[in-house]
Amino acid sequence: MAKPTSRYLRIGDLARRSGVSAKALRLYEQRGLLHPAAHSEAGYRLYDAGSLAALSRIVVLRRAGFSLAEIGQLLTRDATAAARLLDVRIATLERECAERAQALQALRSLARRVVSPSTLDLDELVETIAMSTQLKVDWTPREREDFRRRAEQLGETGMAEAQTLWPELIAQVRAALDSGLPAQAPQAQELARRWYALVQVFSGGNAEVTRKLGQTWQAQPDAMAAHGLDPALFAYVGAAMRAAGLSLG
């Protein structure tokens, strides 16, 4: 067993030097990610400069969002596994960035409508944040680029108008449904035409985007409820669209 010298650090020293808790260091050792360079005669773990460098790699990978299991694969330096994990992480980050961009746009739109503290509606603020962050859709890079291009074409004014129109239209469709208005009625068909038009603005007429969005809504009832939507309302809109000779695909 090695004797503690100036070239070794005990676990507490390593924790203070690195900013990583001793509990986390023990977990990394249990997972096979970090190994003591030696042990003292009393059995204490001892770490050296190599241990500190290994820990730095683990910390960087954790901050990049990799799990401990994924870090273990990366540390094996298997190029194939690394490429796969990087692809998955890149796709995840792209999705998160798109979701944050959507939330940012919604909050900017709300901020433009707040002219003074007295006009700030807390319920509207919470609803805006919920609407822009709850729905999780796995868009492809091409679809995200199409969204960005359409947003540029619409401009901030057009984007803000579209975001304002959706809650209003959902409320009107809900009122029609609750009142017992038949889906085949002219008023219901007019609501369906407006719904169809807004979907086209969002999807750019891409049937795959429309299909993916519809499936995502159905698979996420909590997000659907946060937007004032439910299967019955979707069915009503669908029937009104068919009556109007429209189809989303």
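**Ground rules**

I am working with a predicted model, where local features need pLDDT of at least 70 and side-chain atom pairs count only at pLDDT 80 or more, while totals for chains, interfaces and linings use all residues. I number residues from 1 along each chain as its sequence is written, and side-chain values use heavy atoms, with hydrogens and water left out.

**Whole chain**

I looked up the secondary structure and found 11 helices and 3 strands. Here helices (H or I, at least four residues) and strands (E, at least two) are DSSP runs, numbered from the N terminus. Read from the N terminus, the order is β-α-α-β-β-α-α-α-α-α-α-α-α-α.

Next I checked burial: 34% of the 249 residues are buried. Buried means under 20% relative accessible area, exposed means over 50%, and partly exposed is in between (1.4 Å probe, protein chains only). The chain exposes about 14,800 Å², with carbon and sulfur atoms supplying 56% of it; these areas come from the Shrake-Rupley method with a 1.4 Å probe, and for residues only the protein chains shown count as cover.

I also looked at contacts (heavy atoms within 4.5 Å). Of those between residues at least 6 apart in sequence, 62% join residues at least 24 apart.

**Helix pair H3 and H4**

How do H3 and H4 pack? I found an angle of about 130° between helix H3 (residues 49-63) and helix H4 (residues 68-75), with their axes 10 Å apart. Axes are lines fitted to C-alpha atoms, for helices over the stretch in contact, and angles run from 0 to 180 degrees between N-to-C directions. H3 and H4 are therefore oblique to each other. The cut-offs are under 35 degrees for roughly parallel, over 145 for roughly antiparallel, 65 to 115 for roughly perpendicular, and oblique for the rest.

Ile58, Leu61 and Arg62 of H3 meet Leu68, Ile71, Leu74 and Leu75 of H4. By class I noted 6 nonpolar, no polar and 1 charged residues in this contact. Ala, Val, Leu, Ile, Met, Phe, Trp, Tyr, Cys and Pro count as nonpolar, Asp, Glu, Lys and Arg as charged, and the others, Gly among them, as polar.

**Helix pair H8 and H11**

I then turned to helix H8 (residues 186-203) and helix H11 (residues 231-243), whose axes come within 8 Å and cross at roughly 100°. That makes H8 roughly perpendicular to H11. Among the residues in the contact are Trp195 and Tyr196 of H8 and Phe234 and Tyr236 of H11. This contact has 11 nonpolar, 1 polar and no charged residues.

**Single residues**

Glutamate 29 sits in helix H2 (residues 22-30). I found glutamate 29 partly exposed, at a relative accessible area of 23%. Beyond its neighbours within four places in sequence, glutamate 29 contacts Leu34, Pro36, Arg45 and Tyr47.

Is arginine 89 buried or exposed? Arginine 89 is buried, because its relative accessible area is 17%. Arginine 89 belongs to helix H5 (residues 79-113), and with neighbours within four places set aside, arginine 89 touches Ala64, Gly65, Phe66 and Glu96.

Arginine 77 lies in the loop between H4 and H5 and is exposed, at 69% relative accessible area. Its phi is near 60°, a positive value in a residue other than glycine. Most residues other than glycine have a negative phi.

Last entry: isoleucine 170, in helix H7 (residues 141-179), counts as buried at 8% relative accessibility. Isoleucine 170 and leucine 191 are 21 residues apart in sequence, and their C-alpha atoms are 9.3 Å apart in space.
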